[in-house]
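Subject: Structure handover

Hello,

Here is the structure I promised to pass on. My notes follow below it.

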Amino acid sequence: MTAPFPLIASREDFDLSFKVFHELMARKVTDILLVSSPYEAFIMEEEGRLAERIIHEYRGLNLSRPPMLTWVSTSAEALDALRRKKFDLVITMPLVDDTDAYVLGRTIKDNFPELPVFLLVHKTGQHVLDHKAFDRQSIDRVYVWQGNSDLLLALIKNLEDRMNVAYDTERAKVRVIIVVEDSPVHYSALLPILYKVIVTQTQAAMEESVNDEHRIFRMRARPKVLVAESYEEAMELYRRYQPYLLGVLCDVRFPRNGVADEKAGFSLLETIRSENPDLPLLNLSSEEANRERARHIPAVFVNKNSPTLNAEIHDFFMQYLGFGDFVFRHPDDGREIARASNLRAMEKLLPTLPDECVEHHARRNHFSSWFMARSEVMLASKLKPLKVSDFPSTEALKAHLVQCIAERRMGRQKGIITEMTTGGFDPDADFIKIGRGSLGGKARGLAFISTLLKQHPEIQARYKDVDIRIPKTVAVSTEGFDAFIGENRLAEFATREAGDAEIADACMAARFPDWLTQSLSVFMEHTACPLAVRSSSLLEDAQFQPFAGIYRTIMLPNNHPDPAVRLARLITAVKLVYASTYFESPKAFARSTYHRIEEEKMAVVIQHLTGAACGDYFYPTLAGVVQSYNFYPIGYMKPEDGIAHIALGLGKTVVGGGASLRFSPKYPQFLPQFSTVDDILKNAQRFLYALKLTDFPENLSIGEDPTLARLAVDDFHDNACVQAISSTYYPQEHRIRDGAQSGGFPVVTFANILKYQAFPLPEILADILEIGRRGMGCPVEIEFAVNLEAGRKPYLDLLQIRPMAVARQKLEIKILSEDIKRAFCYSTMALGNGEVNDIADIVFVSPDTFNAARTIDIAAEVGRINKLLEAQKRRYLLIGPGRWGSADRWLGIPVKWTDISGVKAMVETTTEALRADPSQGSHFFHNITSLDISYLTTAGNGTDFIDWDWLLAQRTETATTYLRHIRLAKPLTIKIDGKRSQAVIVA
């Protein structure tokens, strides 16, 4: 707090009776109609526990109930609900039941003209934004939502502020912050930041609350935030609430007299500054050249494109609005002596501080200003009229301050321990949440599918001999991440270039929050089985741009006899997951999605690992991924029939693009890759991943999966789990017989399951896919594991669910025979839809020098050329053999996201040395589709082709041992017919 100023009027003209504060915020948003798909409704009601968070912020004596969300999925249901019940707000998605949001909004306004209607769009490029300027009669405000539940809370609060500001300012002189911004993208990002700063202070103070009265004061006396989208609206708000202004945050370009004015913001701020010399002003602009103009006003300047935008706005509140820690400074040179982050800290510090320091702050009303900024209205008002001269000595002044603070803190519970669940830890619970932050994408999906299973008991009833469940799970919310990163000041890694090893070392050396250590300690007292510690970031498994498989997962045997050692290992694993938030791969992926890693937060999922011990190893009978949309249907299969990939052992084989068995749950016996004995021997799984129960690594940060082992299937032929899914190969007869038999070699075929139905896997997967698809309102991808342990009831664990990025093929693309004749590449197995005309660079693996044993070296060369092209801001086409991004270097080139972050389109070719079926179940493949990267596969089917002679004849821009980079004089054309999975590339 460096620029304090009075935040409250004097006691003489301000009635601070208990009744006054009960009258504030009288108009509430109590009933919200949500018009969306089931999955979108689930996120907004459950992700981040929206209702729970509001309860925490509004709990108090005789407070109204928190908002209730009523969900409908069609426009007809919405209108029917509005006729039957009074709602305070309607939130709709752009397209509901094929009805445009503006048509729905107009209908609602015709019947309920006073009812606010908000539109949530997911992408800034959606057409609905284009209507905003001329269709305000249908939609009151458009918000751009990217899965962050903070926006939902912010828009509710902002509506309530608008509803109550007139009365609350007049009755209790509540402060007002004006935000002038006409871009839905920017005010959608800005409002959650503002409310978070305000609410964070309030929530921090609530832990010190004496009783419900104090909670009411803090919540109801907080500053109001008002948004203006034009010069005239801003001036109207300014004139009306000028006596109560706390600050103004203003864009530069916005409408004035109905026309976009490039200097409207400067004109507004200059007018305000001429009338209010001390009022904090913040100028927001995308143009750095405006910084100097803002300095002359004067106003604080923040560049909207800054990678530290959130931090800079936060700093503005801290430094200019009296928010944040109270910093005690020496009156002579201004150096910091001490700081207090809450009332308790200030109470302890005051008696120890130099008299001149306390007197310095008291003479400038710093104490009352700081208390008011924390919504401590009563305390601020009690101190505001007092003067230093009212006390016989500075010691008496200190004593009075301590006494006043102590009165406010009386009754506070000692020891701030994060609650796990209401009523304490329940070891029998399936899903436990630590902290009040967001669950993150992966945990959110788990919570959602757990809800689906509960809503559909017929699934379990249909398969009585199988337990269908989610594994026991503890989700450490993003509150843990915030505490860890904030307390150790590690946020710099979000914007600073640093190697993964440096980031991991810094996180390993950092102090872990005590409250989180205690919570995990309680959990570990009840847990002695292997664990999977998984990432669950805000963006991970999001519906439109999921960060699948980008962050760390750590498996722990959790079998050390010393509980302290087991806890320490768990904390180490959590730290490494936190560290992976800032690794290079997530940063590269974020750049492709226009997200800021600074905005990313990490929750952590701790799950009981599915499987059983086999000697020194632990693994499930099988694990895999099932998708409700098949990008590469074969024969009579349809895309909507879905596809599954399964493998013996841990799911790393599948999600890493390794050798696995592919089948459709609708046609489990149709296995083209197992057509002949030679096909089976060539395509069957030879290695599995398992957790090591012994030989725990000294350093978990070294290596990708230091606790896992890659084992040969042949070494486990005597294991009951392996025998349950294997057939037997007899080389003398060159024959494979179903079942595990003596005298031959085991071959993983899953014949007992897919052919003889020893376990109803295809049927269960089909049913789970259907309820998942209906629930999310789109195709889904589900990771699962199955354990078939002798003497125990079989069980199928659902490990996570995420939406698939299946493009809606609305744009009609036709590929003519002339196109194929002119093309140098043609594919009948293509992903995407549309036309690409902005690529002139091609990077391809030279067929003359390709060596299947050197794929790791090839991946490194791709990364180096990618870096050069990214620096030139040139997207490119990448061509090479096998599965791109495969974890198995013998099946393809094992590039990571950092190696291909600038790619626009990819072609997967086949060679005699490397023939691999497309792996739809891998995380790499999932992210490719979510980023709308065109992906072509040229199969050896006699139809697909790639003209290597033409490629090799082009002038080489750059050449490496295995790669060639060519640059065409004119951009090439890529046409993809998504309906028919066809594509051509024409130069």
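Lys873 is exposed, with a relative accessibility of 77%. Exposed means over 50% relative accessible area, buried means under 20%, and partly exposed lies in between (1.4 Å probe, protein chains only). Lys873 sits in the loop between helix H32 (855–871) and strand S38 (876–881). Its phi is positive, about 55°, although Lys873 is not a glycine. Helices (H or I, at least four residues) and strands (E, at least two) are DSSP runs, numbered from the N terminus.

Please keep in mind that this is a predicted model: local features need pLDDT of at least 70, side-chain atom pairs count only at pLDDT 80 or more, and totals for chains, interfaces and linings use all residues. Residues are numbered from 1 along each chain as its sequence is written, and side-chain values use heavy atoms, with hydrogens and water left out.

Confidence

pLDDT is the predictor's confidence in each residue, from 0 to 100. The protein has a mean pLDDT of 81, and 83% of its residues reach 70 or more. Residues 57–64 stay under 50. The model has 24 contacts for that stretch beyond four places in sequence. Contact means heavy atoms within 4.5 Å. Residues 411–419 are also below 50, with 14 contacts beyond near neighbours in sequence. Where pLDDT is low, the predicted coordinates should not be read in detail.

Overall

The protein has 987 residues, and 58% of them count as buried. Its secondary structure comes to 35 helices and 44 strands. Take the contacts with a separation of 6 or more: 74% of them join residues 24 or more positions apart.

A six-stranded sheet

Start with the open sheet of six strands, in the order S18-S34-S33-S25-S26-S27. Its pairing is mixed. Two strands pair if DSSP finds at least two bridges between them. Strand S18 (467–469) and strand S27 (661–663) are the edges, each pairing on one side only. Neighbouring strands are turned by 20° against each other on average, direction ignored.

S18 and strand S34 (residues 795–803) run parallel, joined by three bridges. Ile468 has Leu796 in S34 as its bridge partner. Helix H19 (residues 440–455) packs on the sheet and touches S18, strand S33 (780–787) and S34. Its direction makes about 120° with that of S34. Axes are lines fitted to C-alpha atoms, for helices over the stretch in contact, and angles run from 0 to 180 degrees between N-to-C directions. Helix H30 (residues 761–776) lies across S18, S25, S26, S27, S33 and S34. H30 runs at about 145° to S33.

Asp641

Asp641 is in the loop between strand S25 (622–627) and strand S26 (643–647). Is Asp641 buried or exposed? Asp641 is buried, at a relative accessible area of 13%. Its side chain reaches the backbone nitrogen of Lys638 at 2.8 Å. Beyond its neighbours within four places in sequence, Asp641 is in contact with Tyr636, Ser664, Pro665, Lys666 and Tyr667.

Helix H10

Which residues of H10 are buried? In helix H10 (residues 231–241), they are Tyr231, Ala234, Met235, Leu237, Tyr238 and Tyr241. They lie on the same side of H10, because they cover an arc of only 160° around the axis. The arc is that of the directions from the helix axis to the C-beta atoms. Glu236 and Arg240, on the other side of H10, are exposed. An α-helix has 3.6 residues a turn, so residues three or four places apart point the same way.

Turns and loops

Strand S30 (residues 726–730) and strand S31 (residues 735–738) are antiparallel, with four bridges. Thr728 stands opposite Arg737 in S31. The hairpin has four residues between the strands, and His734 takes a positive phi near 50°.

Gln757 has a positive phi too, about 55°, although it is not a glycine. Gln757 lies in the loop between helix H29 (751–754) and H30. Gln757 is exposed, at 56% relative accessibility.

Ile297 and Pro298 are joined by a cis peptide bond, with omega about -5°. Pro298 is in the loop between helix H12 (290–296) and strand S14 (300–303).

Last, Met25 lies in the loop between helix H1 (18–23) and strand S1 (31–35). Met25 is buried, at 3% relative accessibility. Met25 and Asp161 are 136 residues apart along the chain, yet their C-alpha atoms are separated by 7.8 Å.

Best wishes

Technical notes
Polar contact = N/O pair within 3.5 Å; in protein donor to acceptor, adjacent residues only side chain to side chain.
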